[in-house]
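Dear colleague,

I am passing on the structure below, and I would be glad if you kept it open while reading the notes that follow it.

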Amino acid sequence: MLITLPKLCIVAGYYGVGKTNLALNLAKAAADAADVAADAAAAECVQSSTVSLIDLDIINPYFRSSDYGANLLGGRVNLVSPTFAGMNIENPALTAAINGALESAGTVIVDVGGDDAGATVLARYHADIQRRLAGSSARNDSHGRSDIAVCPPGSPDFGLWYVANHRRSTQLALEDAVAEALWQLREIERVSKLAATGIVNNTHLQEETSLFTLRDGLLFARALAAAAQLPLLFSTFPRNLLAQAQVDSQLAGLLATGQLQPVERLVTTPWQEA
């Protein structure tokens with residue numbers, strides 16, 4: 001992936017939209033970039049190129065970035081996650097390491113659990129996030145929501161990326177699917193007290209994805225971004241479709257400008273591993 005990440009990038013969205021796989025791809029891309037930066041930097045500057053992936057998903061035990069990242073990222077990413085004593089999923093211990101990672105100088109990616117329930121955990125770190133943003137361009141004047149911390153889209157300091165997947169919608173009509181996704185977005189903002197900075201279109205069906213799936217997802221994502229008054233940051237698609245996308249009249253241009261990004265499948269279900 002050729003993505004410029006903000007220094008703190010929070011990945012949020014509804015259940016099953018592919019947040020964890022996206023967060024792992026982002027962490028891998030950030031680690032690759034950090035390796036290049038570390039090679040070129042003086043020793044005292046290397047700390048600023050470190051990458052942390054905070055797993056705040058306490059909602060779904062089957063798709064957690066910390067369960068996959070240790071092997072996939074080869075130790076190049078600082079993985080931080082809640083401690084599950086005796087695997088009691090309902091009562092995680094949120095470790096002090098999470099606070100430490102949020103205060104670090106490097107790039108931090110946060111994988112948040114699905115829906116507003118997952119955002120409740122994120123809200124516990126609101127003060128830490130506010131301290132990190134202190135002195136940046138954070139402000140409190142977005143759409144009249146004075147209780148929500150806001151950074152402008154494109155800020156190098158902070159991004160709350162709302163991940164949307166049209167194929168996970170419970171609504172068939174485009175207008176209804178957009179309304180549903182917008183409601184979910186606003187609930188996440190309300191609970192976390194953080195305003196989203198952009199939309200990531202993650203509409204695909206893994207191996208069953210077709211070019212039609214990608215075009216359909218683009219229509220949905222553009223309509224959602226317009227309704228939310230947020231930029232559509234980029235769209236993703238499975239890397240195995242890269243050759244087809246490169247010769248498609250509509251998708252090739254998006255690839256060339258970075259608006260369409262290939263992702264690897266880094267997360268598998270228990271039944272796929274069997």
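A search of the whole structure, which is a predicted model, finds two cavities of 30 Å³ or more. A cavity here is a set of points, on a 1 Å grid over the protein atoms alone, where a 1.4 Å probe fits but cannot get out, and lining residues have an atom within 4 Å of a point; grid points are joined across faces, edges and corners, and a volume is the space filled by probe spheres set on the points.

The largest cavity has a volume of about 90 Å³, and of the 13 residues that line it, Val17, Asn165, Ser169, Ala181 and Gln184 are the closest to its centre. Strand S5 (158-164) and helix H6 (174-192) are the elements that give two or more residues to this lining, with H6 giving the most, four residues. Helices (H or I, at least four residues) and strands (E, at least two) are DSSP runs, numbered from the N terminus.

The second largest cavity holds about 30 Å³ of space, and its lining includes Asn201, Thr213, Ser235 and Leu260. Helix H7 (211-228) and strand S7 (232-238) each supply at least two residues of that lining, the largest share, four residues, coming from H7.

Helix H6 also contains Glu189, which is buried, with a relative accessible area of 2% (buried means under 20% relative accessible area, with a 1.4 Å probe and protein chains only). The side chain of Glu189 makes a polar contact of 2.8 Å with the side chain of Arg186, and also reaches the backbone nitrogen of Ala196 at 2.8 Å. A polar contact is a pair of N or O atoms within 3.5 Å, of which, within protein, one must be able to donate a hydrogen and the other to accept it, while residues adjacent in sequence count only if both atoms are side-chain atoms.

Strand S2 (residues 51-56) is largely enclosed by the rest of the structure, because six of its six residues are buried. Val51, Leu53 and Asp55 lie on one side of S2 and Ser52, Ile54 and Leu56 on the other. S2 runs parallel to strand S4 (residues 107-112), to which six bridges join it, and Asp55 has Asp111 as its bridge partner in S4.

As to conventions, residues are numbered from 1 along each chain as its sequence is written, and side-chain values use heavy atoms, with hydrogens and water left out. Because the model is predicted, local features need pLDDT of at least 70 and side-chain atom pairs count only at pLDDT 80 or more, whereas totals for chains, interfaces and linings use all residues.

With best regards

Methods: On a 1 Å grid over the protein atoms alone, a cavity is a set of points where a 1.4 Å probe fits but cannot get out, and a pocket is an open set with protein on both sides within 12 Å along at least five of seven lines; lining residues have an atom within 4 Å of a point. Buried means under 20% relative accessible area, exposed over 50%, partly exposed in between (1.4 Å probe, protein chains only). Two strands pair if DSSP finds at least two bridges between them.
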